[in-house]
Amino acid sequence: MFELGIKANQCLQHYQAVFSYQRELTNDIEAMDECIHQFLDQRPATKGLSGFDRASGLAAAPFWREAHIVKASTLSTLALSRILGHEGAISIDLLEHLAQFAPDNLRWAIRYSKLFTRIESLTWNSLRQRLEGDEWRIFVGVCDRLLAQLEPFDQIIHSAENQLAHLSLIETLSYLSVIAYEQLIPGAPTNSEANEWRVYSRIISNKLKSCNQSDFNLNEARLGQALKRHLSPIIFPSPAITDECRNNLEAIAVLIAATKERMDYEDSIDWFCFDPECRYQLKPGKSVIYNETENGHLAWQRTESKFQALWNYWMNRGMIEFIERGMEDIQIGSKENHELNVQAYIKAIRSELHLKEIFGLDDEIALPEGLSAKLFQALLSIELHSVFFQSAYIKPFQDYFASSGIVAKALSRLAFRGLVEGENRFPMTWSDEDAKVKRTTGWTVCDKYPKGSSLAAKAILKFWTSDLKELANGLKEQPKLPLPTLYERPFYKIGHYNFQFPWVVAQQNNLTAAVNNLRRIGARRSGQISETRRIEWRLANLLRKCGFAVEVGYQPERSNQEDSGEVDLICHCNGVILLIEVKSGYLRSTRHEVWLHQTNTLRKAARQLKRKKPAVLEALASDEQLRTRLGCNNVNTIEEFQAWIVDTSIECDQQKIDGFLVVSLEALQVILRDERQLLLPLDQLLEGMNDKLFPNGFCPKRFIEVVETGEIWKGLN
């Protein structure tokens with residue numbers, strides 16, 4: 001007998017009450033979906049209730065025994081996947097029932113939850129023993145095959161990690177840095193730097209989990225000893241590299257290759273779990289998973305094309321702003337570095353515009369410990385670091401490799417050149433915090449601080465730095481803690497030293513790094529709420545410039561049912577009403593992240609619009625002051641009423657969630673500013689192409705048409 005605890009039973013009573021009330025208003029299917037919405041939105045919200053309590057309570061609801069309701073529900077599979085995420089929250093008897101009467105729903109729930117990857121799960125091991133029939137045999141076989149593909153690489157990784165376990169953190173980073181330069185050889189066989197550094201991030205995070213406190217008690221003597229034993233023999237091989245270094249390098253190379261292969265297979269599992277086009281089979285000589293159509297692949301390609309077009313857009317905006325600020329004829333830095341510094345300056349302006357207009361950033365970023373960093377200075381600093389590492393490390397290394405054909409020799413010549421110039425040109429760089437602050441101070445020069453500010457420099461470094469000791473401690477307490485990637489915070493604090501990897505900083509996308517530093521890693525910063533409000537106000541101002549009257553943060557009167565909630569934006573122009581729900585997040589890179597965004601943030605947004613749309617219609621009919629502010633004298637003059645989810649992310653642009661269109665805020669910016677031509681690369685832009693969306697002036701109905709059809713993306717490669 002599957003017994004519920006007191007708190008789980010409390011949740012069950014809540015869901016049963018919601019179901020009973022809703023079925024009288026609609027039907028059993030919509031009543032079940034409403035219960036699931038409540039569950040997904042973490043209701044009941046009574047203090048002391050856990051996710052497990054809610055999952056157990058929902059799983060105990062009688063409607064799961066009604067197969068026709070489960071099959072017809074649009075959310076039953078998602079709810080089951082969330083329930084399966086809580087070990088022991090659902091009875092095996094119910095799962096066996098669903099396996100027989102709603103098998104497709106349960107199979108997708110197992111995929112969404114990745115239950116089959118939890119090999120120690122009693123739920124999965126008990127369920128698979130009870131599953132019957134060929135369809136379930138094939139499904140379980142596919143799950144087993146997908147996991148079996150990981151095993152050889154797990155063994156190699158485990159063996160390599162054991163071989164390298166004696167190395168300290170700094171020694172491990174030394175070897176990683178040497179091998180990283182192999183990816184910088186022109187024509188090196190690699191997917192992309194971003195994918196390669198994702199592998200390095202995994203290796204470093206695994207190392208952090210096994211570090212002890214001595215790894216972080218780094219002083220000059222210990223650092224010197226580590227470099228002398230593990231890095232110098234590779235960079236300055238006289239007479240030859242030591243056997244110890246050679247063996248460690250080989251083990252690191254094996255670890256990198258195995259980790260990369262494992263992560264590629266993890267991506268295949270995510271494809272199986274989260275791509276609706278993915279099908280499976282167990283046939284000799286055939287891949288166990290495949291796409292039924294090319295729709296999913298084409299959609300991913302379209303998203304990549306949009307990313308590229310928007311990269312062009314913001315770079316073009318940055319260049320135009322650079323000229324308008326009167327910077328075109330000003331020498332930036334030394335004469336020999338002027339061209340690279342100009343590129344850095346334009347990119348920093350690009351990122352500043354993007355962060356302010358799309359993510360609501362202000363001129364300063366609030367940091368822990370009472371510090372604050374100037375946004376533009378923080379962005380310019382990392383761009384200058386990038387061009388510095390590119391010109392002083394990567395380009396010379398590539399030139400030396402072209403003449404020698406050997407990575408170690410190229411690194412050796414690079415390091416010798418640094419010694420002659422009195423600079424560190426090792427595969428990784430380091431300095432104590434005070435020296436790093438002093439060096440960065442020169443990049444904070446402005447009207448207020450003509451000689452720069454050490455306090456500003458310290459704040460900038462704080463913004464871009466990961467304290468590896470803090471991360472290691474956090475990982476031991478929470479193994480699934482979200483970690484900064486190598487590029488999101490590309491400076492690494494170990495003891496009193498600040499380390500950088502030139503091979504990362506020289507090539508990273510600093511705009512993505514800044515966005516995810518703020519929005520993914522810094523998701524709980526104190527400034528998030530005010531930034532979200534600024535996103536709404538800045539979009540409102542843009543709409544006003546095009547002729548819309550805009551009401552921000554309107555609160556309809558509470559009806560007999562639940563509160564419909566605050567409406568982000570209500571807009572009116574010439575009989576066209578727009579209802580906009582704004583959602584902000586970070587830049588996602590995996591299928592799983594996109595799926596979570598769709599089923600969490602965007603699902604909630606669609607649910608909010610479903611409540612708010614009738615509430616706004618009612619308010620327009622009853623609230624004369626609202627009509628006056630919107631310039632809508634009579635509701636009978638309304639010709640069109642659209643409700644959109646406006647999202648700071650691009651991944652779900654032009655999709656419909658529960659009937660509501662998702663529009664990228666960046667796309668909306670381009671449309672409202674009528675700057676579609678700026679999506680083109682600079683060489684095409686200079687050809688003087690005229691690609692206006694509103695050649696005869698802004699028209700709200702034309703605006704609706706452009707947004708609804710995704711016209712700005714048509715014709716882009």
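Q: Before anything else, what counts as buried here?
A: Buried means under 20% relative accessible area, exposed means over 50%, and partly exposed lies in between, with a 1.4 Å probe and protein chains only. This is a predicted model, where local features need pLDDT of at least 70, side-chain atom pairs count only at pLDDT 80 or more, and totals for chains, interfaces and linings use all residues. Residues are numbered from 1 along each chain as its sequence is written, and side-chain values use heavy atoms, without hydrogens and water.

Q: OK, what share of the chain is buried?
A: Of its 717 residues, 52% count as buried.

Q: And how many helices and strands?
A: The chain has 30 helices and 14 strands. Those are DSSP runs numbered from the N terminus: H or I of at least four residues for helices, E of at least two for strands.

Q: Switching to S7, which strands does S7 join?
A: S7 (residues 491-494) runs parallel to S6 (residues 465-467), with three bridges. Four bridges join S7 to S8 (residues 497-500), and that pair is antiparallel. Strands pair if DSSP finds at least two bridges between them.

Q: Which residue is the partner of Ser466?
A: Tyr492 in S7.

Q: What does H22 make with S6 and S7?
A: Helix H22 (residues 468-477) makes a right-handed β-α-β unit with them. Right-handed means that, with the strands pointing away from the viewer, the path from the first strand over the helix to the second runs clockwise.

Q: What about the hairpin of S7 and S8?
A: Two residues lie between the strands, and Gly495 takes a positive phi near 65°. Ile494 stands opposite Tyr497 in S8.
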